[in-house]
Amino acid sequence: MNSGDIAWMLCASAMVLFMTPGLAIFYGGLVRSKNVLGTIMHSFIIMGVVSIMWVLYGYTMAFGPDLGGGLLGGAKYLGLSGVGADIGPYSDTIPHILFCAFQLMFAVITPALITGAFAERMKFSAFLAFTILWTTLVYFPVCHWVWGDGGWLGAMGALDFAGGTVIHINSGAAALVCALFLGKRKGYGTDQMHPHNLPLTIFGAGVLWFGWFGFNAGSALAADGTASMALFVTQVAAGTGAVLWIIAEWIYQGKPTTLGAASGAVAGLVAITPAAGFVGPVASIIIGGVAGVLCYGAVVVKGKLGYDDALDVVGIHGVGGLWGALATGLFAAEVYGGVNGLFYGNANQFVIQGIGAVAAIAYSLILTAIILKIVDAVFGLRVDDEEEHQGLDVSQHSEVGYRIV
């Protein structure tokens, strides 16, 4: 074992977990004040629910030895049997339980991302049921496909350093289905639905940006040169995404916004995630910059198409994740990660990246629709009109976020 690697991965695991409360604050500031606690609650309670699932069966579904066909891990690690302080199969220098802990933090934040699509209108009971079913039937299998021992996409050679396909494309596709299935919020398009607390959102974005260094650099699983480069390109892509987003909205809307800067930074972070261990600084400028413009365009198009993805999960995570996965196939360079992409003479890598993205999108779209049908039949997905008008803080939790005395 390597004490430096262990120390870094302990910190990286905590940083990635911190991203989920950061996401809660980011999303909480974007909704109306009557829904701030209900929105924060989604991300916060997922930290508990998914942790239990991960111990009981999630880790073995995702990272257990393949059952055959590259689709799902077997039961070897059920209840984390055999997962302890010894070195495991995924790293030569850190304890197996530490790798398990690091990956748990990814499993936590992925369903939390989806909640932005159905903010302000889903029953809490339905949300819990959806989270458990989606994480079990969608996240764990797709995670195994890409990162698990024997997963079919990993065996094909798909590159996803820290979660562009597993996390962002996967959650973005699910978010689109959720937004379409639940329908628009009451008053969407006519009532004012501006964010109620942008400083809260900017702070949340800062927490996400900080935690993302653990997200990407931690995926090297060591305190080494790969982690160092991953951290650096993460910073550059995020900054470039923020700059290009506000330039795009400045040209299109006439003014740059703080929300645009925060959204652009997140778009850059999303896009560099799959590429972080495979590209260099110049490529990260291109990846982050294109993400800023592309994701801004996706948000503008959403308004024209009229579907109510409340907090732009599809436009930022879905579109940004797709661009990042494909960009990895373009800009990957052997000198950084051992594999060349299209621009370095290996067109096959770009094809593989496309196959992985399409497979994740199709699977997530179909399974998410089935899960929503089941949850709707058992619990009903939406709060009623009066509860939605009242706000989820009161109707679902008997609380209010702010009191004026």
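Trainee: At roughly what angle do the axes of α9 and helix α10 (residues 281-305) cross, and within what distance do they come?

Mentor: The two axes cross at roughly 125° and come within 8 Å of each other. An axis is a line fitted to C-alpha atoms, for helices over the stretch in contact, and angles run from 0 to 180 degrees between N-to-C directions. Helices are DSSP runs of H or I with at least four residues, numbered from the N terminus. The model is predicted: local features need pLDDT of at least 70, side-chain atom pairs count only at pLDDT 80 or more, and totals for chains, interfaces and linings use all residues. Residues are numbered from 1 along each chain as its sequence is written, and side-chain values use heavy atoms, with hydrogens and water left out.

Trainee: Why are α9 and α10 called oblique to each other?

Mentor: Under 35 degrees counts as roughly parallel, over 145 as roughly antiparallel, 65 to 115 as roughly perpendicular, and the rest as oblique. The crossing angle is roughly 125°, so α9 and α10 are oblique to each other. On the α9 side, A267, G268, A271 and I272 make the contact, and on the α10 side S284, I287, G288, A291 and C295. Contact means heavy atoms within 4.5 Å.

Trainee: Which hand does the crossing of α8 and α9 have, and which that of α6 and α11?

Mentor: The crossing of α8 and α9 is right-handed, and α6 passes α11 in a left-handed one. Left-handed means that the near helix is turned anticlockwise from the far one by less than a right angle, and right-handed means clockwise. The crossing of α9 and α10 is also right-handed. For helix α6 (residues 164-182) and helix α11 (residues 313-331), the axes come within 8 Å and cross at roughly 140°. In that pair, residues of α6 including G164, H168, G172 and A175 meet residues of α11 including V313, H317, G321 and A325.

Trainee: Why is R121 called buried?

Mentor: Buried means under 20% relative accessible area, exposed over 50%, and partly exposed in between, with a 1.4 Å probe and protein chains only. R121 has 0% relative accessibility, so R121 counts as buried. R121 lies in the loop between α3 (96-114) and α4 (124-147). Beyond four places in sequence, R121 touches residues including A179, L182, D308, A310, R382 and E388.

Trainee: How do you know that the side chain of R121 has polar contacts with A119 and G183?

Mentor: A polar contact is a pair of N or O atoms within 3.5 Å; within protein, one must be able to donate a hydrogen and the other to accept it, and residues adjacent in sequence count only if both atoms are side-chain atoms. A polar atom of the R121 side chain lies 3.1 Å from the backbone oxygen of A119. The backbone oxygen of G183 is reached at 2.8 Å.

Trainee: What makes L221 buried and S398 exposed?

Mentor: L221 has 14% relative accessibility and therefore counts as buried. S398 has 67%, so S398 counts as exposed. L221 is in the loop between α7 (198-217) and α8, whereas S398 is in the segment after α15 (392-397). L221 has a phi near 60°, positive in a residue other than glycine. S398 is not a glycine either, and its phi is about 55°.

Trainee: Why does Q103 count as buried?

Mentor: Q103 has 7% relative accessibility and so counts as buried. Q103 is found in helix α3. Beyond its neighbours within four places in sequence, Q103 is in contact with W54, F63 and W147.

Trainee: How many residues does the largest nonpolar core have, and which have the most contacts inside it?

Mentor: The largest nonpolar core has 121 residues, and W54, Y59, F130, Y139, W147, F215 and I287 have the most contacts inside it. Its largest share, 14 residues, comes from α4. Such a core is a set of buried Ala, Val, Leu, Ile, Met, Phe, Trp, Tyr and Cys residues joined through side-chain atoms within 4.5 Å. W147 touches residues including F63, Y90, F106, Y139 and F161.

Conventions: Helices (H or I, at least four residues) and strands (E, at least two) are DSSP runs, numbered from the N terminus.
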